[in-house]
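Here is a short briefing on strand pairing and nonpolar packing. Have the sequence and the coordinates open while you read.

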Amino acid sequence: GQIGTQPTVFTEFYQPIDNQQRFFVEPKVRYHKEQFNLYENNKNLSQYAVKEFAVDLMAGVNVGLLGPVSFGWSERKREAERTIGQAGFDADDNRFGGWLAMLDFNQFDRLYVPTHGWAVNGTSFYSPTEDYSKGTLDVKVAQNIGEYVFSGRFNIAGALDGTLPTYDAVALGGFLNLSGFARDQILGDSLIYSNIRFEKILGQLPIGLRGDMRIGIALEAGRVDDRYTETKLDGWQDSLAVYLGGETPIGPVFIGYGYSTEGMSNFYVFFGTP
């Protein structure tokens with residue numbers, strides 16, 4: 001389970017089907033709830049309460065020690081109800097399904113706040129009934145030199161065929177995802193995002209507790225094409241973030257500030273993984 005601004009309850013069953021544990025089946029069930037905001041000209045026009053129930057029936061193969069590649073069918077039911085402001089998009093219930101392929105390679109030394117390694121995560125989703133397909137590719141790297149950690153991220157996502165519906169749009173905005181903008185402030189049909197981060201390890205947690213605390217700065221750039229919100233933000237957008245945080249006994253915790261030259265800024269107290 002997960003609590004906070006995006007409460008979630010989920011379960012999955014992972015079962016290898018050969019002696020070498022290369023091939024597996026993995027059914028999953030997830031219930032997710034969040035507040036969804038629509039923005040224009042840096043103003044929050046409306047807010048929606050969104051609930052999603054998903055069932056994934058997946059099978060795959062482990063590629064050595066890199067990670068799994070899986071394929072299967074994903075069925076989703078989404079309900080959206082406007083709670084504040086004017087109508088911004090169709091809030092009717094949506095039920096749709098499609099073929100889902102996933103790649104999850106992770107060679108980081110830590111799960112949440114790594115000091116060195118790399119990770120590649122990719123997905124491809126095709127919905128025959130909704131007549132669109134969506135792809136994502138997220139690449140992350142990190143390398144430390146003593147107490148200094150240098151890391152970067154490159155993310156590309158969007159429609160591979162057709163046009164993404166508003167209920168499955170890509171988004172930029174939020175902590176370390178164009179930090180100067182509010183979470184998911186810019187919605188659209190495709191996006192490109194990258195950041196470079198410089199961090200200094202301030203100290204280790206006491207004996208018996210793992211992880212370290214860091215102070216960091218992130219330089220970010222991104223763009224969203226065929227936007228559904230913030231329609232006047234053409235081209236590339238920039239953002240600068242400064243933050244303090246790390247892995248604690250209750251998970252990753254960050255306190256930070258993000259600023260964009262477009263005039264947007266946000267303070268963050270963030271529990272979890274950006």
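This is a predicted model: local features need pLDDT of at least 70, side-chain atom pairs count only at pLDDT 80 or more; totals for chains, interfaces and linings use all residues.

Strand β11 spans residues 186–204. Its pairings with β9, β10 and β12 are antiparallel.

**Strand pairing**
- Strand β9 covers residues 148–161 and is joined to β11 by 11 bridges.
- Strand β10 takes in residues 170–172 and pairs with β11 over three bridges.
- Ala171 sits opposite Leu187 of β11.
- Strand β12, residues 212–227, pairs with β11 through 15 bridges.
- Gly188 has Arg227 in β12 as its bridge partner.

**Nonpolar core**
- The largest nonpolar core counts 18 residues.
- Leu172, Leu178, Phe181, Ile186 and Leu191 have the most contacts inside this core.
- Two or more core residues come from each of β6 (94–106), β10 and β11.
- β11 supplies the largest share of the core, with three residues.

**Leu191 up close**
- Which residues is Leu191 in contact with, leaving aside neighbours within four places in sequence?
- The contacts of Leu191 are Asn155, Ile156, Ala157, Val170, Ala171, Leu172, Arg223 and Val224.
- Among them is Leu172, which is also listed with Leu191 for the most contacts inside the core.
- Ala171, another contact of Leu191, is the residue opposite Leu187.

Methods: Residues are numbered from 1 along each chain as its sequence is written. Side-chain values use heavy atoms; hydrogens and water are left out. Two strands pair if DSSP finds at least two bridges between them. Helices (H or I, at least four residues) and strands (E, at least two) are DSSP runs, numbered from the N terminus. A nonpolar core is a set of buried Ala, Val, Leu, Ile, Met, Phe, Trp, Tyr and Cys residues joined through side-chain atoms within 4.5 Å. Buried means under 20% relative accessible area, exposed over 50%, partly exposed in between (1.4 Å probe, protein chains only). Contact means heavy atoms within 4.5 Å.
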